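Here is a short briefing on one protein model. Keep the structure open as you read, and find each residue as it comes up.

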Amino acid sequence: MGKESITITNNATGASEEFPLLHPTHGPSVADIRTLYSKMGIFTYDPGFKSTASCKSKITFIDGEKGILLYRGYGIEELAEKSNYLEVCYLLLHGELPAKEEYDKFAGIITRHSMVHEGFKSFLAGFRRDAHPMAIMVGMVGALSAFYHDSLEIHNPKHQEISAHRLIAKITTIAAAAYKYSIGQPINYPDNKLGYAENFLHMMFSVPAEKYEVDPLHAKALDLILILHADHEQNASTSTVRLAGSSEANPFAAASAGVGALWGPAHGGANEAVLTMLEEIGDVKNIPKFIDKAKNKDDSFRLMGFGHRVYKNYDPRAKLIKKMSRDIIEKTDGNDPLLEIALRLEEIAMKDDYFVERKLFPNVDFYSGITYKAIRIPVNMFTVVFTMGRMVGWMAQWAEMIQDPKRVIGRPRQLYDGAATRSYIPMDKR
Ligand code: CMC
């Protein structure tokens, strides 16, 4: 196979085999070891997938060393400046930017699918009022498959499309309903005159007793946040959606698995954890104490919003959100003590050898919470907003997976190091 291959030699047996080396558009070469077990009878061991490409994809690319993020080849900075969330959704789903008529048609479809079945209200009423909105989201997204079972033929391209549209359109309505339910206010219907981000803010904050005007600055900030969260290649929740979907589970069920994976504080739950941490720090003078805690290996505390599996440079999304958080705070309240703590925390950490050596930079979640706070999104809704933005990425990745003619069910192997074969011992003899 020459240059385009790697050779694996088993030093114990002397057996040696060549495997093709694949060259992606960007990023390191990939050793194709799919036949490793059949040829050599061995598995690879890579918990956390630190060196494993789990799929081929044309959707998103990250260069973690350089801090680059591309959606379908377009830089995140350019999309953040020039595009809007629905256009980015179209791009992720279809692979190309839409022409004007394509955009209008797509935006119209998403707008007209935003209402949810009235039966959802009684479903929602079964949850405790004090339930975390993410707990409600896991249930409600999965339950869509019970309400919209007319589009569950996963190999039917029309059904694939309509399910994706329904999820993207209805996720904001479900998210706002989860919030309204938790505070005991009536649930708002979407308003088709409003844009995607505006509509969510309307459903979150309108009350029957008072007219509510969506602040265009808030809508713009939210739209940017949604763009920045729209996809991030094979992260934990996206890989969960792909894996769940690989069993041919319907997209609503797969998306619900994704919501569960996103909820964790090491992933999408970090935005909520950052704000809690900043509030706990409380004052710039307490920062060194928290930095010491984060560095202490006997303490499980980590600086939330810092570090990333892929980025070993500044997360480009964090740069954009940092700027947005400053702009919006300047244009609204004028200051937020938490922003001051965050800026100082970043400054101190970025000069500390522990963070420098490990290449731990602020990630997307470090400044997003401050921005959410500035646009009045309650803390327990932060991860819900991340879910709304990521839904399109999950759907684009799910479609790519299900449309792949070479798709197989995701089924990792393991390195078993449990007990060897044993004989059952009756209870009175143990
Ligand atoms: N604070 C202190 N130390 C850290 C941190 C942190 N936030 N992150 C990593 N480290 C240390 C870690 O202890 C380890 O040190 P050592 O080499 O001495 O054992 C080293 O840095 C490498 O860390 P790791 O845990 O092996 O890295 P990972 O790629 O497995 O984890 C991460 C990535 C994001 C889970 C982790 O950095 C983390 O827990 N960060 C805080 C949570 C967070 O902000 N998550 C949001 C991620 S971005 C949004 C998203 O994708 O959802």
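**Briefing: spaces, strands and helices**

The lining of the largest cavity has 10 nonpolar, 3 polar and 2 charged residues. Bear in mind that this is a predicted model. The points below start with that cavity, then turn to a pocket, the strands and some helices.

**The cavity**

- The structure holds 1 cavity of 30 Å³ or more.
- Its volume is about 130 Å³.
- A total of 15 residues line the largest cavity. Nearest its centre lie Val116, Lys121, Thr173, Ala177 and Ile187.

- Three helices each supply at least two lining residues: α2 (76-82), α9 (216-229) and α14 (316-331).
- By class, the lining of the second largest pocket divides into 8 nonpolar, 2 polar and 6 charged residues.

**The strands**

- Strands of a sheet pair through backbone hydrogen bonds, either parallel or antiparallel.
- Three strands form an open sheet here, in the order β1-β2-β3, and the pairing is antiparallel.
- Which strands are at the edges? They are β1 (5-9) and β3 (30-31), and each pairs on one side only.
- Strand β2 (residues 16-22) pairs with β3 over 2 bridges. Leu22 stands opposite Val30 in β3.
- Strands β4 (residues 60-63) and β5 (residues 68-71) also run antiparallel, joined by 4 bridges.
- Within that pair, Ile62 has Leu69 of β5 as its bridge partner.
- The hairpin of β4 and β5 has 4 residues between the strands. In this hairpin, Gly67 takes a positive phi near 75 degrees.

**Helix α14**

- α14 has 16 residues. From its first C-alpha to its last, α14 reaches 23 Å, close to the 22 Å expected at 1.5 Å a residue.
- Which residues of α14 are buried? They are Pro316, Arg317, Ala318, Ile321, Lys322, Met324, Ser325, Ile328 and Ile329.
- Those buried residues pack against β5, α2, α9, α15 (337-349), α17 (364-374) and α18 (382-402).

**Helix α10**

- In α10 (residues 236-246), the buried residues are Ser237, Thr238, Val241, Arg242, Gly245 and Ser246.
- They pack against α11 (251-262) and α18.
- Glu248 follows α10 and has a positive phi, near 75 degrees.

**Met134 in helix α6**

- Met134 lies in helix α6 (residues 133-147).
- Is Met134 buried or exposed? Met134 counts as buried because its relative accessible area is 0%, and buried means under 20%.
- What does Met134 touch? Leaving out residues up to four places away in sequence, Met134 touches Val259, Trp263, Thr383, Val384 and Thr387.
- Gln234 is 100 residues from Met134 along the chain, and their C-alpha atoms are separated by 21 Å.

Terms used: Residues numbered from 1 in each chain as written. Predicted model: local features only at pLDDT ≥ 70, side-chain atom pairs only at ≥ 80, totals over all residues. Heavy atoms only, no water. 1 Å grid on protein atoms, 1.4 Å probe; cavity = no way out; pocket = protein on both sides within 12 Å on 5 of 7 lines; lining within 4 Å. Points joined across faces, edges and corners; volume = space filled by probe spheres on them. Nonpolar A, V, L, I, M, F, W, Y, C, P; charged D, E, K, R; others polar. Pairing = 2+ DSSP bridges. Expected span 1.5 Å × (residues − 1). Buried < 20%, exposed > 50% of the residue type's maximum accessible area, 1.4 Å probe, protein only. Contact = heavy atoms within 4.5 Å.
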